[in-house]
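Thank you all for coming; I would like to go through one structure with you today, and I will give each criterion as it comes up. Please have a look at it first, and then we will start with the ligand.

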Amino acid sequence: MIKTVNTTPYSDQKMGTGGLRKKTQAVMQPNYFENFIQSIFNVIDPHGKTFVVGGDGRYFNDVAIQRFIKMAAANGVRKLIIGQNGFMSTPAGSNVILKRKTDGAFIFSASHNPGGLNGDFGVKYSNQTGGQVPTSVTDKIYAETQSISSYKICEAPDINLSEIGQIRLENTEIEIIDPVNDYVDMLKNIFDFDALRRLFASGFTMRFDAMNAVTGPYAIRIFEETLGAPKGTVTQAVPLPDFGGLHPDPNLIYAKHLVDFMFSDKATDFAAANDGDGDRNMILGRKFFVTPSDSLAILTDNCRYVPAYKNGISGVAKSAATSTAVCRVAAANKLPCYIVPTGWKYFVNLMDSGRITLCGEESFGTGSSHIREKDGIWAVLFWLSIIAATGKSVEEITRENWKKYGRSYYMRFDFEGLDTSVADKLMADLENKLPSLKGQDFGSYKVSEAAPFIYHDPVDGSITQNGLVIDFTNGSKITFRLSGTGSSGATLRVYLERPEYHDLDNDTYDMVQDLLKIAMNVAEIPQRTGKTKADVNT
Ligand code: VG1
Ligand code: CO
């Protein structure tokens with residue numbers, strides 16, 4: 001039943017910030033998916049290994065999983081643990097790896113990118129750490145994709161994934177599990193579910209928007225069935241292959257419907273949304289939005305309200321582009337604060353070595369060492385725990401944090417759909433220009449430092465360069481990066497931060513205007529890209 005199929009390489013199978021991400025129709029080309037999976041197998045030797053498998057339910061998920069199962073069986077995999085109907089969120093997958101001590105996971109998702117035939121598809125590959133593999137491994141896989149000449153696959157009928165239980169294909173054991181159970185058990189060990197039940201019993205109202213993506217079933221089980229929130233608390237709860245046309249990225253632009261609801265008179269006490277694969281979160285209060293950078297700082301400062309962290313945490317980390325809010329909380333609490341490149345995989349070594357407990361990114365990702373991925377529902381439960389313990393609103397909790405530590409006005413501007421060569425040249429020229437910026441004045445802003453961000457991993461010694469940073473003497477900061485999760489063209493991200501210690505009640509957009517002008521000017525964005533304003537700002 002095992003056959004070897006001859007194939008030829010595709011030139012573009014390089015993994016980015018979070019796995020391989022391509023247009024769905026590109027992945028549907030003959031042998032495209034198979035080439036990529038076989039390349040991973042050739043690098044890691046899957047013989048006798050056990051993997052977790054699932055996806056966020058997007059278009060092509062069903063086909064991809066069947067092909068993957070047949071390839072795994074043909075390549076001597078010992079066991080596959082698969083989420084029922086092929087569903088598994090990214091954080092739930094990481095949890096199963098750690099809990100069952102498997103050799104890794106394959107999650108079929110393009111995360112926050114739109115799905116459907118005209119959307120994106122993706123593959124996230126994690127190893128036994130529970131986290132996505134480091135660049136040293138993705139480089140080897142990419143090299144393999146460039147010379148692949150055949151793949152192995154079983155000729156067999158499709159496996160029925162709808163029933164929980166055990167089956168077998170060739171010598172491969174297949175266990176189909178409820179993808180929600182293990183995840184809920186894990187969260188019960190972190191949070192005080194009784195306290196959260198009392199919060200909902202007291203009449204506290206919430207809306208959780210699953211954006212028609214993978215977290216719907218998780219959120220219903222946790223918030224409605226376990227914690228007693230009323231039916232209807234979870235909206236857009238059924239995972240759809242095209243996410244119902246939504247762009248499942250929980251931010252002010254793509255979850256505008258939720259933001260509008262929370263700024264209306266019908267608003268609930270609290271609201272949250274997750275992304276396609278359940279690792280991102282957006283937190284809203286009544287007529288109030290919490291930036292992800294602030295959220296990380298607030299969780300850190302209030303960690304004593306969560307049983308798993310009540311005896312203290314070892315340290316925190318943020319990506320370079322994330323605001324320094326968490327660093328101020330860390331400094332005041334004498335905790336180390338590590339600064340890493342963009343992408344969750346850079347947190348893994350810090351967690352494995354016990355250096356950090358909490359970490360996060362400006363892109364709506366927050367998490368802790370309970371797993372090795374960011375975790376959307378975990379972040380929501382953390383916020384609810386703080387609210388339950390303090391009796392304060394989201395806005396009060398956030399304002400208190402600003403008062404105590406200062407406020408970082410923060411906003412990210414994305415210039416999308418750029419020609420790759422234009423974007424690359426912009427970054428290269430800007431990098432060359434950085435030394436000349438040092439000491440320059442831009443109105444009241446004076447450059448104190450201008451350099452590429454270079455990370456020396458304290459655990460494995462690897463060095464990564466990611467993004468260009470301009471620091472100002474008043475603590476403000478501009479970071480430039482090219483996105484590594486797009487499926488076509490290039491996206492330039494410009495991250496702006498302005499810390500203030502007294503002026504706490506202004507509009508973020510107004511407060512970062514000067515920095516935006518400086519960024520547009522030094523990087524020559526209008527001249528080079530033809531864009532006078534960003535496509536998206538969050
Ligand atoms: C983006 C975010 C980054 C995040 C990554 C994966 O990457 O900026 O912070 O880790 O997506 O998130 P980039 O390279 O496009 O800036 V997910 O939820 O898509 O796995
Ligand atoms: Co995601």
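This is a predicted model: local features need pLDDT of at least 70, side-chain atom pairs count only at pLDDT 80 or more; totals for chains, interfaces and linings use all residues.

How far does a polar side-chain atom of T17 lie from an oxygen atom of ligand 1? The separation is 2.4 Å, which falls under our heading of polar contacts, that is, pairs of N or O atoms within 3.5 Å, where within protein one must be able to donate a hydrogen and the other to accept it, and residues adjacent in sequence count only if both atoms are side-chain atoms.

Side-chain values use heavy atoms, with hydrogens and water left out, residues are numbered from 1 along each chain as its sequence is written, and chains are lettered from A and ligands numbered from 1 in the order in which they are written.

Two further polar contacts reach oxygen atoms of ligand 1: a polar side-chain atom of K374 at 2.9 Å, and a side-chain N or O atom of T485 at 2.5 Å. Altogether 19 residues surround this ligand, with H112, S363 and G484 among the closest, where a residue counts if one of its heavy atoms lies within 4 Å. That shell divides into no nonpolar, 9 polar and 10 charged residues; here Ala, Val, Leu, Ile, Met, Phe, Trp, Tyr, Cys and Pro count as nonpolar, Asp, Glu, Lys and Arg as charged, and the others, Gly among them, as polar.

Turning to the metal, which residues are the protein donors of the cobalt ion, ligand 2? They are S111 through OG, and D275, D277 and D279 through OD, lying 1.9 to 2.1 Å from the ion, with donors taken as N, O and S atoms within 2.8 Å of the metal (3.2 Å for Na, K and Ca); water is not among the atoms, so the site may look incomplete. Along the sequence the spacing of these donor residues reads S-x163-D-x1-D-x1-D. D275 is buried, with a relative accessible area of 0%, and D279 likewise counts as buried at 0%, buried meaning under 20%, exposed over 50% and partly exposed in between, with a 1.4 Å probe and protein chains only.
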